[in-house]
Amino acid sequence: MVQGNTPAPGSAIESVEDTPDTLHDTFTDSRGSRLYDHFKREWQIYVMLLPTIVWFLVFLYKPMYGLQIAFKDYSIFRGVANSPWIGLEHFETLFSNDQFIRAVTNTIKISALNLLFGFPAPIILALMFNEILHATYKKTAQTIVYLPHFISSVIIAGIVITAFSPTAGIVNTIIGWFGLDPVYFLTQPQWFRPIFVGTGIWQEAGFGSIVFLAAIAGVNPSLYESAVVDGANRWQMMWKITIPSILPTILIMLIIRIGNIMEVSFELVILLYHPATYETADVVNTWVYRQGLQSGQYDLAAAAGLFNAVVAFVLVMTANTLSRRFSQTSLW
Amino acid sequence: MSGVNLSGIVKAYGAVEVVHGINLDVAEKEFVVLVGPSGCGKSTTLRMIAGLEEITAGNLMIDGRRMNRIAPKDRDVAMVFQNYALYPHLNVADNMAFGLRIRKMPKAEIATTIADVAEILGLTNYLERRPADLSGGQRQRVAMGRAIVRHPKVFLFDEPLSNLDAKLRTQMRAEIKRLHNRLGVTSIYVTHDQVEAMTLADRIVVMNDGAIEQVGTPMELFNHPANTFVAGFLGSPPMNQMKGVLTEHGAKIGDTEIKFDGFANGQAGRDVIVGIRPEHVTLAAGEQTSALPIELDLVEPLGSEALLHARFGNDNVVFKADTKGDIQHLSGVGEVYVPAPLIKLFDAETGHALNAKG
Ligand SMILES: Nc1ncnc2c1ncn2[C@@H]1O[C@H](COP(=O)(O)OP(=O)(O)OP(=O)(O)O)[C@@H](O)[C@H]1O
Ligand SMILES: [Mg+2]
């Protein structure tokens, strides 16, 4: 046996165990100093982030202070802080108010229609664009459908009102060709929802298709080539490759959409509705607007707004959880 | 007869012609490798055979049928892509079944086919996995499986191994060879790796700049390259090529004369390129050898052999030498010996190989 300088087996094992600790002490910095290094290295990124943070603080977080009036008997003379607490009284008022209940129902109905028709529209549009092979034709068609997005809602509403006008509108002109009497579309409650949802699709479907077109562009082209060699036709490729490939994008957009379910496009409703159509057209936001700003019931309006926000929050959380559970896709 | 026959195949993108009239006959069950530098038109040629690119001019026949205007799906070919082209949302079994379902094969038959092929490729335990959860080698196998289940007349491979690391590539190369021996399907394989070409091919097609330089078995191409391009492309390291002038008894490169027979009659003075394979030189003089004085620059040991990088006259040359377990003896080398029968000669202007006359 050679002994000499060779360490005994025991000591060799010990030194192996030693090493990680020594490394730990020498090379692992404290959390604070790592954070400091991180900021020092990446400060430009945080500077760029700053305006967004400020925007959120000023326009979204600071107003939350005022949210407390939903639980107070608020008067502008006493101010937010000095108005007395009244608990859930405003919420009781709200839920015993037929108009509010109607606004909630209308919101949900319009949103459901929007989800049913408005959500698939840009996806279908994107899939259709994807099938256009002629480049110039494709670009022209895309530009045309993007355009309404860039037109202000006021003008959109003006176009819609003109188009559906009983005297000069194109719709009634066409109806007239068939010898039928003109229909007063915008004053009849049963027409409001189809017109509103249709207008929304016309205005936003084209622009909304960009996200899906981008997702389609990201699909590996050799998937299609492989499918062509395997004998798939264009229809099969759309169903078996394109749609499954953009499914994560579709789900993300759906989650966002569900989070916005209580946010029916306020401007467009205001512009298109009419006391005669309140029955189907009045939504939570427009009701809040009339109660708060027009009738001065700020505290009641705040309670309604808060209710809206809580519902939206619950919905988006639920959608996200379901999506993560069933498709491994989620916003966060 | 599931041969593939290309005659006068041309591909042009607008005014730019990238494949200039290729003629090639691939026999049934043959494994043909298209090899050449990047951008020489290998993929384009393969994609024309698959039907993914239109053929500008010429005739493509598969199994005796003209295929120019036949849709890819009706050509009965299967293609393996460089990036595997696996459907990320389908598991291994569904990926392999894709083409069969499109062709409306009965369910039970699909199941047995997939099970058989998975068995051959060692994928039986992975059938439920998504491509994202597989290693590179496994993905490659799935891509092969997807081609195999179709039982096509012709397999087309476009650099199927180039995304794998060196070790896996060697392993998969052997697997492809074995698979071909077993299935016996006519295969056309594109690569830019000359080792892959040498090891896999029944015949190699060396392409350059949209045209075929030479077609032949690996050993034919290695031993009798038709021109300097092929000589420089096959073999690792490539053949040393040096400018020289023919003399009565051989050729002169700079001040050094290399002796060989067969070219001398009446051609003395002709400009030639002398080709010497790195592995053909010896460190000791033998019969019919000529000495090359070299200035040794660098010795790269590879284990059993070493590469000698050196200067010979105005040329940089590389030679191979046995290490015999040690590279000490190589550091002092000042001369190597070339055996006359192994020397290659090419015309200095055209680059065409010159054959010994009498
Ligand atoms: N759509 C196209 N339009 C114009 N030129 C093209 C097009 N596709 C390929 N080419 C040209 O055709 C030539 C051959 O391309 P190809 O893809 O066949 O090369 P390759 O031999 O497969 O090369 P690599 O080893 O890099 O894959 C290239 O010069 C390339 O620039
Ligand atoms: Mg290529």
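## The shell around ligand 1

Helix H1 (residues 42–50) of chain B supplies the largest share of the shell around ligand 1, namely three residues; helices here are DSSP runs of H or I with at least four residues, strands are runs of E with at least two, and both are numbered from the N terminus. This is a predicted model, in which local features need pLDDT of at least 70 and side-chain atom pairs count only at pLDDT 80 or more, while totals for chains, interfaces and linings use all residues. Residues are numbered from 1 along each chain as its sequence is written, chains are lettered from A and ligands numbered from 1 in the order in which they are written, and side-chain values use heavy atoms, with hydrogens and water left out.

The residues around the ligand, each with a heavy atom within 4 Å of it, include B:Tyr13, B:Val18, B:Cys40 and B:Glu159. By class, the shell has three nonpolar, five polar and two charged residues, where Ala, Val, Leu, Ile, Met, Phe, Trp, Tyr, Cys and Pro count as nonpolar, Asp, Glu, Lys and Arg as charged, and the others, Gly among them, as polar.

## Polar contacts of the ligand

A polar contact is a pair of N or O atoms within 3.5 Å; within protein, one must be able to donate a hydrogen and the other to accept it, and residues adjacent in sequence count only if both atoms are side-chain atoms. An N or O atom in the side chain of B:Ser38 is 2.5 Å from an oxygen atom of ligand 1, and for a polar side-chain atom of B:Lys42 the distance to a ligand oxygen is 2.8 Å. The side chain of B:Thr44 has an N or O atom 2.4 Å from an oxygen atom of ligand 1. Taken alone, ligand 1 exposes 640 Å², of which the protein buries 57%, with areas from the Shrake-Rupley method and a 1.4 Å probe; for residues, only the protein chains shown count as cover.

## Chain A

The secondary structure of chain A comes to 16 helices and zero strands, and its C-alpha trace spans about 115 × 75 × 35 Å along the principal axes.

Helix H10 (residues 189–217) of chain A has 29 residues and bends by about 45° at A:Ala205, the bend being the angle between axes fitted to the seven residues ending there and the seven starting there.

## Backbone details in chain B

Most residues other than glycine have a negative phi, and most peptide bonds are trans. B:Ser236 and B:Pro237, however, are joined by a cis peptide bond with omega about -10°, and B:Pro237 lies in the loop between helix H8 (228–233) and strand S11 (240–246). B:Ala85 has a positive phi, near 50°.

Methods:
The expected span of a helix is 1.5 Å times one less than its number of residues.
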